[in-house]
Amino acid sequence: MGGLPGGVLTPALDAGVAALVFRAGPLYCALPLGEVIETMRPLRTRPLAGTPSYVRGLTILRGAPAPVIDMTRLLTGVEAPVDRYVAVRAGRGPVACATGPVLGVRDIEVEPPEGPAALFTGVSKALIAAVGTVGTEPLLLLHSIAAVPDEVWEAAGGTPPAAPS
């Protein structure tokens, strides 16, 4: 396993990876089990003005504020129904990933970075570690949810904003 800034470990990409597989709109995605804390039904989320469109707001995870990232909006730019929150370890604290259905834990085979994953740029390049398949569909292996802007982390460290009336 290799390391990233912030202490997040990533799996070797030339081997099978035990990962939590979920849908993000039309995409199959997976997170290495070492980054997943827990899954849960969507929690009350308070909107946070001035953040990127993929930041749904703040929620409370185990008594502490945490940013909520809409994975479908982050990866595709469109909206889709949210079925689950997946809490993951991120550099500055836990993050709740709003996802579609969680399909379970699977051993997945992924291609090394010089494969299709090398075509991604921007947020996708920072977020997608590799590409594999689920049946005949592509699967994105994600790593280190580092797409949370500093302003959101700062807001999460303070008092959550009041719920809209």
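Predicted model: local features only at pLDDT ≥ 70, side-chain atom pairs only at ≥ 80, totals over all residues.
Asp 70 and Arg 56 make a salt bridge, with 3.3 Å between their closest N and O atoms; the term covers a side-chain nitrogen of Lys or Arg within 4 Å of a carboxyl oxygen of Asp or Glu. Strands here are DSSP runs of E with at least two residues, numbered from the N terminus.

Residues are numbered from 1 along each chain as its sequence is written, and side-chain values use heavy atoms, leaving out hydrogens and water.

Across the whole structure, the search turns up three salt bridges. Another of them joins the side chains of Glu 38 and Arg 62, at 2.8 Å from N to O. Glu 38 lies in strand 5 and Arg 62 in the loop between strand 6 and strand 7, so the pair ties together parts 24 residues apart in sequence. Arg 62 is exposed, with a relative accessible area of 72%. Arg 73 and Glu 79 also form a salt bridge, their closest N and O atoms being 2.7 Å apart, and Glu 79 counts as exposed at 64% relative accessibility.

As for the sheet, five strands form an open arrangement in the order 5-8-9-7-6, with mixed pairing; two strands pair if DSSP finds at least two bridges between them. Strand 5 (36-40) and strand 6 (55-61) are the edges, each pairing on one side only. Neighbouring strands are turned by 30 degrees against each other on average, direction ignored, with axes taken as lines fitted to C-alpha atoms and angles running from 0 to 180 degrees between N-to-C directions. Strand 7 (residues 64-70) runs parallel to strand 9 (residues 93-99), and three bridges join them. Ile 69 stands opposite Cys 97 in strand 9.

Finally, the charged end of Arg 23 sits over the ring of Tyr 28, 4.1 Å from its centre. That label asks for NZ of Lys or CZ of Arg within 6 Å of the ring centre and within 35 degrees of the ring normal.

Methods
Helix = DSSP H or I, 4+ residues; strand = E, 2+ residues; numbered from the N terminus. Buried < 20%, exposed > 50% of the residue type's maximum accessible area, 1.4 Å probe, protein only.
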